[in-house]
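Me: I have a structure to go through. Can you walk me through it?
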Amino acid sequence: MSPIMLLLIAVAAVALLLVGVIKFKMPAFITLLLVSILVALAAGIPIQDVAGLVTTGMGGTLGSVAVLVGLGAMLGKVIEISGGAQVLSTRFTALFGPRRVIAALTTAAFLLAIPVFFDVGFIVLVPIIYGFAKALNVSPVKIGLPVGAIMLAIHVVVPPHPGVVGGAQILGADIGWATILGLAFCAPLGVLGFFVAKRINRREIPMLPETKEQYDSFGASADTGKGSTLAKTKAPTSGMVISMILLPIVMIMFGTVGTTLVAAESTAANILGFVGSPSIALLTTVLVSYYLLGVRSGWSSEKTGKVMDSALAPAAIVILVTGAGGVFGKVLTESGIGTVLAQSLASAGLPLIVMAFILAAILRASQGSATVAIITTTGLLASAVEAGGYSPVQTALILASVGFGAFGLSHVNDSGFWIVTRFLGLSVADGLRTWTVLTTILGVAGFALTALVYAIVTAAGA
């Protein structure tokens, strides 16, 4: 099928999806599945393969998301009902003052995002975002947008995240330079994201009813079973709550750093990899919180379990919609839409650093995954980088350009879009007006910084 026809199919698919969800108020889960099937058929995927492709797309996404969302929701619920989020938000508000709380949490998110995948880190911070929003009497979107944006920026350009690490291996880029430059670029982007999000949030954005109900009941005692209400217990200290947040981060960092210090495939490497895997780290934290924030605080084991179980119902919506977004992305990938467009653009003769950004942006928009966009783009550019004789710094800058291309245009085929918008209570339309706009602005700004440094480095070496 011609590239033009594939482009038309992609545009029609996104338009149909938005019309279904925004105009006709259809459930996002059903609309995503329906449009995915129509795209697969229109793109020429054999009809006998379509059902299997839906299953593969759903399973591939949920395999990495469902466990993390479920465990993260359980951890957040225990922190919430125990009063931990309220304690922490009150403590931070008193320490930094109401006007600096969002900036302080954004700074904390910058550090959190270095060792922790975007989805995991954001989910862990959701109860803290809710708690701070309650303390400041503002919508959680005002706090969640800049927090999510800086975490995604770190995810796409700073090792040890999979996209940038895989891209570095393909291009032969130095991980050290990639880390230094990535952190250097993300620091000003965090500041920019704070002010851009503040401007985007000038108007009040209504929350989705299901999220508003969850948010309105946040911090209050919850009915966890037939007439059973949690007894009032002593709230945990802010130090204990911070420990629950840091525990999975420390475990993941321990595994990430530790595996680089021991022989690959050794017993020690395997153990460190196990301990530092996000699912094991979150499961361990949930078990610790079960005792420290629940049983030890005076709850019965039964009541603690019911609190955790009560978190799964609202989490199921996020999980299913995210999985359906994975189906949409999988269909777009299998149809060849992103690859065909990228290959066509690669023959346009643009400067390599510009090409890196545009290719990644197209692949990001067409199939959703930032990691896939980075890996695919670096694969397409590998031969040109190898033949160009670029310095280690230049190669790392080209890699950063790829990452920033994969940063923006987060929309309905991106699982991260659904996680952020559903937890913050944004409709699809409001998500596109806020989260998509914010990530795109920061992606372009990151590329501008990268291109400027690239020009200086190239001129200095000439």
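Reply: Start with a term. Buried means under 20% relative accessible area, exposed means over 50%, and partly exposed lies in between (1.4 Å probe, protein chains only).

Me: Is lysine 77 buried or exposed?
Reply: Lysine 77 is buried, because its relative accessible area is 14%. Lysine 77 sits in helix H3, residues 47-81. Helices are DSSP runs of H or I with at least four residues, strands are E runs of at least two, and both are numbered from the N terminus.

Me: What is lysine 77 in contact with?
Reply: Leaving aside neighbours within four places in sequence, lysine 77 is in contact with Val307, Ser310 and Ala311. Contact means heavy atoms within 4.5 Å.

Me: And the ground rules?
Reply: This is a predicted model, where local features need pLDDT of at least 70, side-chain atom pairs count only at pLDDT 80 or more, and totals for chains, interfaces and linings use all residues. Residues are numbered from 1 along each chain as its sequence is written, and side-chain values use heavy atoms, with hydrogens and water left out.

Me: What is the mean pLDDT of the protein chain?
Reply: The mean is 83, and 91% of the residues reach 70 or more. pLDDT is the predictor's confidence in each residue, from 0 to 100.

Me: Where is confidence lowest?
Reply: In strand S2, residues 228-229, at a mean of 40. Confidence is highest in H19, at 94. Over residues 221-231 the pLDDT is below 50.
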